[in-house]
Amino acid sequence: RREAWLGDSEWTQTVHLLSAHATQFMHLMMVLLAHTQPLRTALLRPCASRAVRALGARACSSDAATAPAEAAAEPEQLRSTFLETMRWRGFLHQSTDLAALDDAMSGGRVVAYLGFDATASSLHVGSLLQIMLLRHFQRAGHKPIVLVGGGTTKVGDPSGKDASRQLLDEEAIASNIEGISRVFGRFLTFGEGPTDALLVNNDAWLSPLSYLAFLRDYGRHFTINRMLSFESVKQRLARESPLSFLEFNYMILQAYDFLELHRRHGATLQFGGSDQWGNIISGVELGRRADGAQLFGLTAPLVTTADGKKMGKTAAGAVWLNEDLLSPYEYWQFWRNTADADVGRFLRFFTELPQDEVEKLEALRGAQINDAKVVLANEATRMLHGEACLAEIQATAASLFAAGGGGGGGGGTASLKRVKLSADEAAAGVPVVDLFVSLELGKSKSEVRRLVAGGGAKLNDVKIEDAALLISTASFEAASEIKLSAGKKKHGVVELAQ
């Protein structure tokens, strides 16, 4: 352009072309600069140098799907109380344009949503970070939308999966939605007010779609090249795991969810875990192309424990949020057993304690860190199960942990999982391995037998020597219940029916 090789219209077309293919252009320029002295000399002029750097910046933002770490840089100062709080607590991982989002959030009420597919009857603790994100968002004066995936569950999200999800029928999906929805009311306030949360099901707009009309109106906004660049797809293909056409459509449906929620409820922000970054970017781009809307995406990190394991799973299975799958005591115990190295992070993520109190607890060392673990367990359990259960839990914990985990059967066990034996069953005798499995102290009878052989199975804190032991009326002596233990931290009660 400096040499008048191109007219104004040709120059404009060239700039648009280069901007649209900025990454490929930069790779080509590196090759040319390495081998062509005249071109290198010309492009290193100040004007051209600035243009190349600008195109390089465009390349980083346009290729965000393949390089999530190069998402929009964080401003040093944030005016939004919500964003600043989330940054201190460690929730901010990626954002499409954090500076513009900060302007929007500091200027008034923002509507944001977060989606949950109905793949099980309960969410587990791995989803808790996302729920806490919505809770902080509402408490900062904004409006959260909880989107349940009645429609997208029929397809299955391939993100982070090695194989296709099991397809569920309508009845199972409806039952799961009922199950997962129970927990949201414990963290969010629902209603008709300007900041009250909404619960929305995407089946309302996905199921009625006409396939041909949808392809014509929205399919043209997605390219296979772009979709193949997303990490969820790349990782699946790299592992040579089958990726069905059904699953490949998931990101289009999630992008369309964002557009529909923007049109119906004014949503301009989508939250998600970092594994959803590609799908969120697709929604932001679809909103811009279809409606000219400025939409935003913000992700939180996927939480792992200090030993690198995925948050939400233990050796005993998932840590469910619904109390019919995991008792309040077992939930409390999960947090009480947090590794020392995780306590500080988890206090920031899963409690609402103020910064000065969190930092004071983070500074505890040695045996004192157990005090921080109790605070973590109390705060997390209070939010999910309420204040009323804490006294009972603490009485149970005091009984079980006193004198190195002793306490015997009876008092202080009210919060433990329990099974009942009828008088007839007790008279006949029930294999102890069956009771361990019923109390979820072991996944199978063979696992319980190995536990007995290793000395980890106890009855009223006395080691069980024989895996063939029968629990009968005589086992209760004068008591109405006995305690079974797997190791030092997992306990259950067998109650003799009166």
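**Exercise 1.** In what order do the 5 strands of the open sheet stand, and which kind of pairing do they show?

*Solution.* The structure is a predicted model.
Step 1. The open sheet has the strand order 9-15-14-11-12.
Step 2. The pairing within this sheet is mixed.
Step 3. Strand 9 (418-421) and strand 12 (462-463) stand at the edges, each having a single partner strand, so one side of each lacks a neighbour in the sheet.

**Exercise 2.** Describe how strand 11 and strand 14 pair, and name the bridge partner of Lys458.

*Solution.*
Step 1. Strand 11 (residues 457-459) pairs with strand 14 (residues 481-486) in the antiparallel sense.
Step 2. This pairing runs over 3 bridges.
Step 3. Lys458 has Ser485, in strand 14, as its bridge partner.

**Exercise 3.** Classify the ring pair formed by Phe91 and Phe349, and determine which parts of the chain the pair ties together.

*Solution.*
Step 1. A pair of aromatic rings is described by the distance of the centres and the angle of the planes.
Step 2. The model contains 16 aromatic pairs. In the pair of Phe91 and Phe349, the ring centres are 5.5 Å apart and the planes stand at 85 degrees.
Step 3. Planes over 60 degrees apart count as edge-to-face, and therefore the pair of Phe91 and Phe349 is edge-to-face.
Step 4. Phe91 lies in the loop between helix 5 (81-89) and strand 1 (94-95), while Phe349 lies in helix 17 (residues 343-350), so the pair ties together parts that are 258 residues apart in sequence.
Step 5. Phe91 is buried, with a relative accessible area of 0%; Phe349 is buried as well, with 5%.

**Exercise 4.** Classify the ring pair of Tyr331 and Trp335, and state which aromatic cluster includes these residues.

*Solution.*
Step 1. The ring centres of Tyr331 and Trp335 are 6.0 Å apart and the planes are at 80 degrees, so this pair is edge-to-face.
Step 2. Tyr331 and Trp335 are 4 residues apart in helix 16 (residues 328-336), a separation of about one helical turn.
Step 3. Tyr331 is buried at 0% relative accessible area, and Trp335 is buried at 0% too.
Step 4. One aromatic cluster is formed by Phe91, Tyr331, Phe334, Trp335, Phe346, Phe349 and Phe350.

**Exercise 5.** Which residues have the most contacts inside the largest nonpolar core?

*Solution.*
Step 1. In soluble globular proteins, nonpolar side chains tend to be buried together.
Step 2. The largest nonpolar core has 72 residues, and Phe271 and Trp335 have the most contacts inside it.
Step 3. Beyond its neighbours within four places in sequence, Phe271 is in contact with residues including Phe82, Tyr113, Phe137 and Leu298.
Step 4. A second, separate core has 30 residues, among them Leu206, Tyr218, Phe248 and Tyr256.

How values were computed
Residues are numbered from 1 along each chain as its sequence is written. This is a predicted model: local features need pLDDT of at least 70, side-chain atom pairs count only at pLDDT 80 or more; totals for chains, interfaces and linings use all residues. Side-chain values use heavy atoms; hydrogens and water are left out. Rings of Phe, Tyr and Trp (its six-membered ring) pair if their centres lie within 6.5 Å; planes under 30 degrees apart count as stacked, over 60 as edge-to-face and the rest as tilted. Helices (H or I, at least four residues) and strands (E, at least two) are DSSP runs, numbered from the N terminus. Buried means under 20% relative accessible area, exposed over 50%, partly exposed in between (1.4 Å probe, protein chains only). A nonpolar core is a set of buried Ala, Val, Leu, Ile, Met, Phe, Trp, Tyr and Cys residues joined through side-chain atoms within 4.5 Å. Contact means heavy atoms within 4.5 Å. Two strands pair if DSSP finds at least two bridges between them.
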